[in-house]
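This report describes one protein model for a reader who has not seen it before. The account begins with the aromatic rings and then turns to the core and the sheet.

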Amino acid sequence: TLTALNIPSCITAIEGSTFASCISLASVTLPDGITTIGNNAFSECRSLTSVNIPASVTSIGVTAFQGCSSLTSVTIPEGVTTIGFGVFNLCTSLATVTLPASLTSIGGAAFQNCSTLTSITCLAEAPPSIGMTPFANVPTGIPVYVPCGSVADYQAAFIWRNFTNIVGINCSTYSVLVYAVPEGYGLVGGTGDYTHGQTATLTAT
């Protein structure tokens, strides 16, 4: 029974369905040099708790990890631009996901039924375009961490706007102190700490 897998460095691609339904497989180590994880490559590997996705990977096929119901976290490396249809569908133990700055699109059902997600981090400045129902049955109140200057864009973007707790990361904090002159026309004052993109409201007295 296959329980652990260490792919040799001479392999550059995991072909479609190569390890599908290896239900005892618990861990996978992929070498630097792997560029492609094919369709259904590890689908229904229900004991799989961890998999490293090396920085050399640029393509992850549809439903590549679908039904890996013991997988708890995943980090998609920089360089990946597209997450295909249903890649992590039914990963019902998945708690955290980190998506790279290079990401431009997420396919339909990509994280569908990942109902135990506690946070999503997306490092892309522009909200990745979204297929149909990529986050169906994912709690909408979980924090979604995005670049500081992109919060408003995510709050307005299709599907992303369904999340109610979009939080800027790596935000600088600025102290603000404003007064209007001349003083005889009323004094406008306010102090406080604000992150980039926040609005300060000043009240005349």
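The model is a predicted one. A search of the whole structure finds nine aromatic pairs in it. One of these is formed by phenylalanine 19 and phenylalanine 42, whose rings are stacked at 5.4 Å centre to centre with 10 degrees between the planes. This pair links distant parts of the chain, as its two residues are 23 apart. Phenylalanine 19 lies in the loop between strand 2 (13-14) and strand 3 (27-29), and phenylalanine 42 lies in the loop between strand 4 (36-37) and strand 5 (50-51). Both residues, phenylalanine 19 and phenylalanine 42, are buried.

Phenylalanine 42 also forms a stacked pair with phenylalanine 65, at 5.4 Å centre to centre and 5 degrees between the planes.

| Aromatic pair | Centre to centre | Between the planes |
|---|---|---|
| Phenylalanine 19 and phenylalanine 42 | 5.4 Å | 10 degrees |
| Phenylalanine 42 and phenylalanine 65 | 5.4 Å | 5 degrees |

Phenylalanine 42 has a relative accessibility of 0% and so counts as buried. Phenylalanine 65 is likewise buried, with a relative accessible area of 0%. These residues belong to one aromatic cluster, formed by Phe19, Phe42, Phe65, Phe88, Phe111, Phe135, Tyr154, Trp160 and Phe163.

Which residues touch the most other members of the largest nonpolar core? They are Phe42, Phe65, Phe88, Leu99, Phe111 and Trp160, out of 53 residues in that core. Two or more residues of the core come from each of strand 9, strand 11, strand 13 (144-147) and helix 1 (151-156).

Setting aside neighbours within four places in sequence, its contacts are Ile76, Ile83, Ile106, Phe111, Ile120, Thr121, Cys122, Leu123 and Trp160. Leucine 99 also stands opposite cysteine 122 in strand 11.

Five strands make an open sheet in the order 7-9-11-13-14, and their pairing is parallel. Strand 7 (73-75) and strand 14 (166-169) stand at the edges with a single partner strand each, so one side of each has no neighbour in the sheet. From one strand to the next, the twist averages 15 degrees.

Within this sheet, strand 9 (residues 96-99) and strand 11 (residues 119-122) run parallel and are joined by four bridges. Strand 11 and strand 13 are also parallel, joined by two bridges. Strand 13 is in turn joined to strand 14 by four bridges, again in parallel. In this last pairing, valine 146 has glycine 168 in strand 14 as its bridge partner.

Threonine 121 is placed in strand 11. Is threonine 121 buried or exposed? Its relative accessible area is 17%, and because buried means under 20%, threonine 121 is buried. Opposite threonine 121 stands tyrosine 145 in strand 13. Leaving out neighbours within four places in sequence, threonine 121 is in contact with Val97, Thr98, Leu99, Tyr145 and Ile169.

Finally, the connection at one end of the strand order involves a helix. Strand 13, helix 1 and strand 14 together make a right-handed β-α-β unit.

Terms used
Residues numbered from 1 in each chain as written. Predicted model: local features only at pLDDT ≥ 70, side-chain atom pairs only at ≥ 80, totals over all residues. Heavy atoms only, no water. Pairing = 2+ DSSP bridges. Axes fitted to C-alpha atoms, helices over the stretch in contact; angles between N-to-C directions. Buried < 20%, exposed > 50% of the residue type's maximum accessible area, 1.4 Å probe, protein only. Contact = heavy atoms within 4.5 Å. Phe/Tyr/Trp six-rings, centres within 6.5 Å; stacked < 30°, edge-to-face > 60°. Core = buried A, V, L, I, M, F, W, Y, C linked by side-chain atoms within 4.5 Å. Right-handed = clockwise from strand over helix to strand, strands pointing away.
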